[in-house]
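Hi,

Here is the structure I promised to pass on.

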Amino acid sequence: MSLLVTGGTGFIGSHTCVELLNAGEDIVVMDNFYSSRPETLDGIRKITGKDFKFYEADLLDMPAIDRIFDENDIEQVIHFAGYKCVSESVKMPLVYYSNNLRGTFNILETMKKYGCTKFVFSSSADVYSASEQSPLREDCALKPNNPYASTKLVIENLCREMYAADNKWTVVILRYFNVAGAHESGLIGEEPVKYPRSILSEVLAKAIGAVDAPKVDGEFSVSDYIHVADLARGHVAAVKKARELQNGCRAYNLGTGKSVSDSELLSVFQRVNGIDLGISAAENPAGSVRYLDPSLAEKELGWKALLGIEEMCRDAWNYRKNEN
């Protein structure tokens, strides 16, 4: 029996593959390299010392998905594949809805065809309403404010409705905010992005001389950051939970339970890496404060974040400097 990882060479997907292999899982990985690269596969293999099946395929290609299921005994799916940049989704909402929803519909339809009913969905904490006070709990109001997050909520709702219609399904939904860091080996990490998704993305670009210093003199954000290695462990815990449950559809927050301001992140990055980027920020952020309550994940998944902002800044820079 195998576990299919869609988007398995992406930032979060690749780190989850490492944790799954280290946990003794038999995985099958698929990706179209839209926001990743083939070399990541070598990195996963070097870190774990293990091999696995890989398919270069797109979720919009139904025959390709069907072939993966036909050639492998897939018992469970972890779904990462999809476009994921908030600012890009605002510029191209139709593209995001078309790709993210069609791709998910295709994987779920194929799962149903082959009798595979255990599904772990990597969602987003952006599905929570901006009017809700932090810390955000799983029962807070859901009201996305951008197309990317809207596609996540549509898929969450579909999962709940699928279970209501057919209680053979077991779905675990994971929500999280900013993901940072890289594998401690420096062999895999986040690839440079066209549209920076956080202040750390901009800082990394500045550190390698790719762009001017980030603009941090306007509205500052205070948000929940999570190390990608912790997040990967959370997905492994979700896989185990899905196996334990006879059926159901449950959502869990994965976070540190505290917020990090842009000012703090800038300061920590420069300190732990011994780099002076000539960047400063105001002491008191003026923007929104958003962070998660992860207590349910600790209680029911046995998961807790172990790494902090220092490790995130250190590992992210260790990967990026070696890649450039």
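This is a predicted model: local features need pLDDT of at least 70, side-chain atom pairs count only at pLDDT 80 or more; totals for chains, interfaces and linings use all residues.

Residues are numbered from 1 along each chain as its sequence is written, and side-chain values use heavy atoms, with hydrogens and water left out. Helices (H or I, at least four residues) and strands (E, at least two) are DSSP runs, numbered from the N terminus.

Let's start with helix α1, residues 11–22. Its 12 residues reach 17 Å from the first C-alpha to the last, close to the 16 Å expected at 1.5 Å a residue; the expected span is 1.5 Å times one less than the number of residues. How many of the residues of α1 are buried? The count is 10 of 12, so α1 is mostly covered; buried means under 20% relative accessible area, exposed over 50%, and partly exposed in between, with a 1.4 Å probe and protein chains only. Among the buried ones are F11, G13, C17 and L21. They pack against β1 (2–6), β2 (27–31), α2 (39–48), β4 (74–79), β7 (178–180) and α8 (228–244), where contact means heavy atoms within 4.5 Å. After α1 comes G24, with a positive phi near 85 degrees.

H15 counts as buried because its relative accessibility is 2%. Leaving aside neighbours within four places in sequence, H15 is in contact with A182, H183, I188, G189, V228 and A232. H15 and I188 are 173 residues apart along the chain, yet their C-alpha atoms are separated by 7.6 Å. I188 also turns up beside G43 in helix α2: not counting residues up to four places away in sequence, G43 touches L187 and I188. G43 is buried too, at a relative accessible area of 4%.

Next, the cores. A nonpolar core here is a set of buried Ala, Val, Leu, Ile, Met, Phe, Trp, Tyr and Cys residues joined through side-chain atoms within 4.5 Å. The largest one has 36 residues, and those with the most contacts inside it are I12, L20, L174, V179, L254 and W303. Which element gives the largest share of this core? That is α8, with seven residues. A second, separate core of 26 residues includes L4, M30, I74 and C116. Back to W303: apart from residues up to four places away in sequence, W303 touches I226, D230, R233, G234, A237, L254, G255, P294, A297 and E298.

Two other helices, α7 (residues 199–207) and α9 (residues 262–273), have axes that come within 10 Å and cross at roughly 35 degrees. (Axes are lines fitted to C-alpha atoms, for helices over the stretch in contact, and angles run from 0 to 180 degrees between N-to-C directions.) In this pair, I199, L200, V203, L204 and A207 of α7 meet D262, L265, L266 and F269 of α9.

Helix α6 (147–165) has 19 residues and reaches 27 Å from its first C-alpha to its last, close to the expected 27 Å. Its buried residues include Y148, L153, I155, C159 and M162. What covers them includes α4 (86–91), α5 (93–113), β5, β6 and β10 (248–253).

Finally, a few spots in the loops. Most residues other than glycine have a negative phi, and most peptide bonds are trans. F33, in the loop between β2 and α2, has a positive phi near 60 degrees, and F33 is buried with a relative accessible area of 15%. A cis peptide bond joins S134 and P135, with omega about 5 degrees; P135 sits in the loop between β5 (118–122) and α6. The C-alpha atoms of P192 and L204 are 8.6 Å apart.

Cheers
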